[in-house]
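Thanks for coming. I will go through one model this morning, and you can follow along on the screen.

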Amino acid sequence: MKKHNKYQTEVTGAEAVILSLLDAQVTDVFGYPGGAIMPVYDALYDYMDQLNHYLVRHEQGATHAAQGYSRVSGKPGVVFATSGPGATNLITGIADAQIDSTPLVCITGQVHSHLLGTDAFQETDVVGISMPVTKWNIQVTKAEDIAPAIAKAFYIATSGRPGPVLVDITKDAQFGKTKYVYEKCESIRSYFPCPKVNEEEVSKAAELINNAQRPYILCGHGVLLSGAEKQLLDLAEKANIPVASTLLGLGAFPPTHELYVGYLGMHGNYGPNLLTNECDVLIAIGMRFDDRVTGNVSKYAKQAKVVHFEIDPSEVNKIIHADVAVLGDAKEALELLLPKVKAQKHAQWLQKFTECAKVEFEKVVKNAVNPATEKLRMAEVIHQFHQLSEGNAIVVTDVGQHQMITSRYYKFNHPNHNVTSGGLGTMGFGLPAAVGAKVAQPNKEVVAVLGDGGFQMTIQELGTIMQSDIPVKILVLNNNFLGMVRQWQQLFFDRRYSFTEMKNPNFVAIANCYNIKGKKVTERKDLKEALKEMYESKEAYLLEVVVENEENVFPMITTGASVSEIILE
Amino acid sequence: MENTYTLSIFTEDKIGLLNRVTIIFTRRHINIESITASESEVKGIYRYTIVVTVSQEQVEKLVGQIEKQVEVLKAFYHINNDILSREMALYKVSADALKENELFTRIVNENHAKILSISPEFIVIEKTGDEREIKHLFNDLEKFGMLEFVRSGRVAITKPMKTLNTFLKEVENNSKTTVKHFNK
């Protein structure tokens, strides 16, 4: 075991990278070596017992793995990649992390500083390219600047509204010698990550809530990021307010609680969408009114006073006007709010949600989880998987129909157990993100629920699972279509199925080639047993379930429609 | 309703930050009408002056996104009444203008411009003023044959009295737990 001696005179820049990560309490890194980052990988060789490195099969996979890691652990995900194509391959994952507020620290190698701007081999302006999709980035050309840049990177990535940062380090900086000093960064003069909660605004929020007849809470990812689950529960219970969740907020509120009314958005639950336009006070906590949640903004909650709890000032009034905005950390704000809120009962208002749930159950849920069709349907698979795992698994989804079905039918009992690509909608996210999630939470069951399309976008990460022996479970819902696009083609493009049908390979055979056990299920009678075998496997396992080709996800709010125009079939 | 706004943005000295700021405009398909960047009265702190024509709502959102950037200290937006602003222009006209010396000199004097250089082929005139005044001189000089014309971006000083130094002291106290009253 190599130990850095503090009195040692000098280290290389590359070693300073590794030492900085260790000082930042990093234990795991996802990455891929290459020319311009070779000195860092060489330094890593001496620290393999202190820093676990997972070799992915494509740099995009490293970013998604780091995202999955971060989302279930609350720690920043760390990525290594080389210059040029290595760096550009990170962009999708970085963009995904930016829009879903996930802290990543990406470290890229860069060509020698004297070659910058010369179109050198594997030179690309990654600082320029990543600028619109990072919270912050920097290029370092001197060894002595490495430790301060990395310290700053961790502070920025994890503070306030989290996000991805990128540190690009030229090869000569990695080779250069420097005295190693790591000073944790705790403030930056021009950066105000977390506004202090203003008590006056909290009082105004309390007044609106106390006078409301039909208050309604929308909880988002911010509740999870702030760790405000308990405060949210206390608020909802004290003032007897129904709670709905955004896609990324799932798990922030217990799904079995009588005040939990469901999931918001384009394919969310009926009542939570419909009744947005009937509440009188809308309490948005740690959410940003994404267009998938609001539908047509000009017809969104016009009757309601809006109270917005938000850490990022630029999100307030961005989409929906806030009558009261409480800036700051959600947990801190809700703690201040709680004593000001009166105990109330809103039985009649809650009854409306119950009635809507009944309608949705009769028209959608009943048939979805127990279909009369010959072929299996996605919702029954997820429903059975939910029952089997009792809502306790970490479920990582890709993007598309299977994602919406999972969000609808898997009930997350715990916070930070739902990992999905929300804002960016990145197909290919699921498999590598599940790898990262399992690395972060080795004692929990991690199941990647994937579609046949998204699976094949990052299917090479089966190699990462094999090499690093990561017991991830993979549930592929195969309808031999890019199902969500096909659904839209059916509904809005006159059934012209332009390039959405997939001729798929033998997924089980592919898994087997990577030494991953697998099974394919086509019959209903075999489903339960197969799910059990997958879930209880001690090793990585792939279960392919062949489902109906042309199943649609309902309810649905079509483009341009209002939340109250949600259709059930 | 669209209006002309002047944005004053105070930033740390960092390579690439101007790019980060301009991306915010281009991403929203907003044209930057003029831009200047220079060090402010405080060493190490830069001031960008950007002019755009947008709605009140748009300018508020722009400023919000700009302030979100880690190395931006503060961004302000102003309508024309709130600022004193100037642009500078250089005009190169043919030396033939001297053939009508009296008229030429009168135009330069009446426009509060000054002659920067005279050579056998051309004369360079310098003018500081607002956009309208600069355009006015352009029109007057055009008859002598305009060989070249260049106008700077706007520089602006705000009328409200709050020095950058007092503001800096505030942010230094606040950068750990900032109080920012968005609603006010």
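I will start with chain B. The centres of its domain 1 and domain 2, taken over C-alpha atoms, are 32 Å apart. Domain 1 of chain B covers 2–78 + 157–174, and domain 2 of chain B covers 84–151; domain bounds come from an automatic or database domain assignment.

Some conventions before I go on. This is a predicted model, in which local features need pLDDT of at least 70, side-chain atom pairs count only at pLDDT 80 or more, and totals for chains, interfaces and linings use all residues. Residues are numbered from 1 along each chain as its sequence is written, with chains lettered from A and ligands numbered from 1 in the order in which they are written.

On confidence, the model has ipTM 0.92 and pTM 0.95. For chain B the mean pLDDT is 89, with 92% of its residues at 70 or more; pLDDT is the predictor's confidence in each residue, from 0 to 100. Residues 177–184 of chain B stay under 50, and the model has 19 contacts for them beyond four places in sequence. A contact here is two residues whose C-beta atoms, placed from the backbone, lie within 7 Å. Where pLDDT is low, the predicted coordinates should not be read in detail.

Next, the interface. Helices (H or I, at least four residues) and strands (E, at least two) are DSSP runs, numbered from the N terminus. Ala, Val, Leu, Ile, Met, Phe, Trp, Tyr, Cys and Pro count as nonpolar, Asp, Glu, Lys and Arg as charged, and the others, Gly among them, as polar.

Now chain A. Its assignment gives domain 1 (11–178), domain 2 (199–353) and domain 3 (370–546). Between the centres of domain 1 and domain 2 of chain A, over C-alpha atoms, there are 37 Å. The contact between these two takes five residues from domain 1 of chain A and five residues from domain 2 of chain A. On the domain 1 side, those residues are one nonpolar, two polar and two charged.

On to the packing. In soluble globular proteins, nonpolar side chains tend to be buried together. The largest nonpolar core in this model has 188 residues, and A:Val17, A:Val79, A:Ile285 and A:Leu475 have the most contacts inside it. A nonpolar core is a set of buried Ala, Val, Leu, Ile, Met, Phe, Trp, Tyr and Cys residues joined through C-beta atoms within 7 Å. Buried means 20 or more other C-beta atoms within 10 Å of the residue's own, exposed means 12 or fewer, and partly exposed is in between, with C-beta atoms placed from the backbone.

Which helix gives this core its largest share? That is helix 7 of chain A, with nine residues. Helix 7 of chain A (residues 146–158) has 13 residues and reaches 18 Å from first C-alpha to last, close to the 18 Å expected at 1.5 Å a residue; the expected span is 1.5 Å times one less than the number of residues. Its buried residues, among them A:Ile150 and A:Phe154, pack against helix 1 (13–23), strand 5 (104–110), strand 6 (136–140), strand 7 (164–170) and helix 8 (171–175) of chain A. After helix 7 of chain A comes A:Gly160, with a positive phi near 60°.

Helix 1 of chain A is mostly covered, with nine of its 11 residues buried, including A:Val17. Just after helix 1 of chain A, A:Gln25 has a positive phi of about 65°.

Last, some backbone details. Most residues other than glycine have a negative phi, and most peptide bonds are trans. A:Ser101 has a positive phi near 45° and sits in the loop between helix 5 (91–99) and strand 5 of chain A. Is A:Ser101 buried or exposed? A:Ser101 counts as buried because 25 other C-beta atoms lie within 10 Å. A:Asn317 has a positive phi near 65°, but it is partly exposed, with 19 C-beta neighbours inside 10 Å. A:Phe554 and A:Pro555 are joined by a cis peptide bond, with omega about 0°.
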